[in-house]
Amino acid sequence: MSIIFSGISTAFGTKQVLKDINFEVSTMTFLLGKSGAGKSVTLKHIMGQIPIQQGSITLDGSILSPQSRSLCGMVFQQPALFDSMNIFDNIAFGLKTGNKKERVLELLHHVDLDPSIVTKMPHDLSYGMQKRVSIARTLAPNPRYLLFDEPTTGLDPLATRLISDLIMHVANTCHVTCLVVSHDIGSALRIANHILFLDDCRIVASGDPKTIQLSTNPLVQAFLGRHAVCSDSFVN
Ligand SMILES: Nc1ncnc2c1ncn2[C@@H]1O[C@H](COP(=O)(O)OP(=O)(O)OP(=O)(O)O)[C@@H](O)[C@H]1O
Ligand SMILES: [Mg+2]
């Protein structure tokens, strides 16, 4: 069960953003890179918001289609809750059938929020709680893949840790495979199984956290900062 990018190349006019990108998302995968590297474009290809120009993306072995895309849920950087709806209605928004009350309570449990908040409005909640609600809303239709675009940007270190713990918790308890686009190397090293670095239109480093920590790629080194591990061995 995986999402596989094969030979994806994308340009906007004369600006090349992705060039022959190949990778697989089958576990907790983090995609890191500088601003403007093409991380969000990568997610938008999966969500169908930017058409594929060259190459292919398969989901569970078949070319990505509008139908199979419904197995993917996207969590945006901003919680983007509906201001005029209470928390229950926000989470239940994507639910078409079944016992909505039961499901909303189950989802609140998954994201570690108290059931009593269902009658509150988004502005009554802290930013961190709103993010949890937005994750619950995305989980509501039972996606198999969760895509996160910078889930911890703008959060303090404590909230960052809580949200990355939550992503890991949700991945395990809801059996979802996650692709997390981020600048947050600390969270990546802590919870990812696989880390990819995008630079200059290509994947320039790829591997598990230990491998990444040993990478000599200058961009990876710059991201690692204090997380770098000195080694004589060359692993890219
Ligand atoms: N729809 C579009 N039309 C034209 N250019 C676009 C479009 N979407 C993205 N781009 C360009 O593609 C490049 C990559 O953008 P993208 O948003 O993927 O970067 P990013 O890696 O997500 O950066 P950040 O970390 O700042 O979010 C940028 O130069 C951006 O201006
Ligand atoms: Mg982006």
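A polar side-chain atom of His183 lies 3.0 Å from an oxygen atom of ligand 1. Such a polar contact is a pair of N or O atoms within 3.5 Å; within protein, one must be able to donate a hydrogen and the other to accept it, and residues adjacent in sequence count only if both atoms are side-chain atoms. This is a predicted model: local features need pLDDT of at least 70, side-chain atom pairs count only at pLDDT 80 or more, and totals for chains, interfaces and linings use all residues. Residues are numbered from 1 along each chain as its sequence is written, chains are lettered from A and ligands numbered from 1 in the order in which they are written, and side-chain values use heavy atoms, with hydrogens and water left out.

| Residue | Protein atom | Ligand 1 atom | Distance |
|---|---|---|---|
| Val41 | backbone N or O | oxygen | 2.9 Å |
| Glu150 | polar side-chain atom | oxygen | 3.1 Å |
| His183 | polar side-chain atom | oxygen | 3.0 Å |

On its own, ligand 1 has 630 Å² of accessible area, and the protein covers 62% of this. Areas come from the Shrake-Rupley method with a 1.4 Å probe; for residues, only the protein chains shown count as cover. Strand 2 (15–25) and helix 1 (39–47) are the elements that give two or more residues to the shell. Helix 1 supplies the largest share, 3 residues. Helices (H or I, at least four residues) and strands (E, at least two) are DSSP runs, numbered from the N terminus.

In total, 13 residues surround ligand 1. The closest are Lys15, Gly36, Lys39, Ser40 and Val41. A residue is near a molecule or strand if one of its heavy atoms lies within 4 Å of it. By class, the shell has 4 nonpolar, 5 polar and 4 charged residues. Here Ala, Val, Leu, Ile, Met, Phe, Trp, Tyr, Cys and Pro count as nonpolar, Asp, Glu, Lys and Arg as charged, and the others, Gly among them, as polar.

An open, antiparallel sheet holds 4 strands in the order 2-1-4-5. Its edge strands are strand 2 and strand 5 (62–63), each pairing on one side only. Two strands pair if DSSP finds at least two bridges between them. Ile3 has a bridge partner in each: Val25 in strand 2 and Leu59 in strand 4. Strand 1 and strand 2 form a hairpin with 2 residues between them. Gly13 in the turn has a positive phi of about 60 degrees.

Another open sheet has 6 strands, ordered 6-7-8-3-9-10, with mixed pairing. Strand 6 (72–75) and strand 10 (202–207) are its edges. Neighbouring strands are turned by 20 degrees against each other on average, direction ignored. Strand 6 pairs with strand 7 (residues 145–149) in the parallel sense over 4 bridges. Gly73 stands opposite Leu146 in strand 7. Helix 5 (residues 127–139) packs on this sheet, touching strand 6 and strand 7, at about 165 degrees to strand 6.

Contact means heavy atoms within 4.5 Å. Axes are lines fitted to C-alpha atoms, for helices over the stretch in contact, and angles run from 0 to 180 degrees between N-to-C directions.
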